[in-house]
Amino acid sequence: MRVIGRLVGARLGAMGGARRWKGKRALEAARMLDEVVDTQLPLLASFDEERRRRSADYLAELVKLAQDYRYYAHGWIDARELDRRGHAAMATLSKLREDPTARLITD
């Protein structure tokens, strides 16, 4: 009985280690998204109103995605929900990029 308890405990400990590792990776992804937003945010001031609005919407979507990664890292949502939210964010970002009035930044 003790052997089974040790095996189960070892297995649960290994799963906890994997969870912590995934949580650290999720926090790194959130930090990377925050850095992207932080570097792009000052550029918005130089845009015209319409372009600023679209860019702000795009950056807001990245902020929400970073927050979802933090929720996952803290165990508040599972991997399936993170995946669902990530796909939703990508769909929204794709729609924003497909806007025929949008101009890409080339400078």
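Reply: Let us begin with a residue and its setting, bearing in mind that this is a predicted model. Ser55 is found in helix H2. Setting aside neighbours within four places in sequence, Ser55 is in contact with Leu44 and Phe47.

Me: Is Ser55 buried or exposed?

Reply: The general idea is to compare relative accessible area with a cut-off: a residue is buried under 20%. Ser55 has a relative accessible area of 17%, so this residue counts as buried.

Me: What does Leu44 touch beyond its neighbours within four places in sequence?

Reply: Leu44 is in contact with Arg52, Ser55, Ala56 and Leu59.

Me: Which residues make up the largest nonpolar core?

Reply: The general idea is to look for buried nonpolar residues joined through side-chain atoms. Here the largest such core has 11 residues: Ala30, Leu33, Val37, Leu44, Phe47, Leu59, Leu62, Leu65, Ala66, Ala89 and Leu93. At least two residues of this core come from each of helix H1 (2-40), H2 and H3. The greatest contribution is that of H2, with four residues. Another core lies apart from this one and has five residues, including Ala26, Tyr72, Ala73 and Ile77.

Me: How many salt bridges are found in the whole structure?

Reply: The general idea is to look for a side-chain nitrogen of Lys or Arg within 4 Å of a carboxyl oxygen of Asp or Glu. A search of the whole structure finds eight salt bridges. One of these joins Lys64 to Glu61, with the closest N and O atoms 3.3 Å apart. Both residues lie in helix H2 (residues 49-73), and they are three residues apart, about one turn of the helix.

Me: How does one describe the accessibility of the two partners, Lys64 and Glu61?

Reply: Each partner is classified separately. Lys64 has 49% relative accessibility and therefore counts as partly exposed. Glu61 has a relative accessible area of 11%, so Glu61 is buried.

Me: Which salt bridge partners does Arg85 have?

Reply: Consider Asp68 to begin with: the side chains of Arg85 and Asp68 meet in a salt bridge at 2.9 Å, N to O. This pair links distant parts of the chain, with Arg85 in helix H3 (residues 79-98) and Asp68 in helix H2, 17 residues apart. Arg85 is partly exposed at a relative accessible area of 24%, whereas Asp68 is buried at 11%. Arg85 also forms a salt bridge with Glu81, the closest N and O atoms being 2.8 Å apart. Glu81 and Arg85 both lie in helix H3, four residues apart, about one turn of the helix.

Me: Which residue lies over the face of Phe47?

Reply: The general idea is to look for a charged group placed over an aromatic ring. Arg51 lies over the face of Phe47, at 4.3 Å from the ring centre. Phe47 is also among the residues of the largest nonpolar core.

Me: As a last exercise, how would one describe Asp83?

Reply: One gives its element, its accessibility and a distance. Asp83 is found in helix H3 and is partly exposed, with a relative accessible area of 45%. The C-alpha atoms of Asp83 and Tyr69 are separated by 9.8 Å, and these two residues are 14 residues apart along the chain.

Key:
Residues are numbered from 1 along each chain as its sequence is written. This is a predicted model: local features need pLDDT of at least 70, side-chain atom pairs count only at pLDDT 80 or more; totals for chains, interfaces and linings use all residues. Side-chain values use heavy atoms; hydrogens and water are left out. Buried means under 20% relative accessible area, exposed over 50%, partly exposed in between (1.4 Å probe, protein chains only). A nonpolar core is a set of buried Ala, Val, Leu, Ile, Met, Phe, Trp, Tyr and Cys residues joined through side-chain atoms within 4.5 Å. Contact means heavy atoms within 4.5 Å. A charge sits over a ring if NZ of Lys or CZ of Arg is within 6 Å of the ring centre and within 35 degrees of the ring normal.
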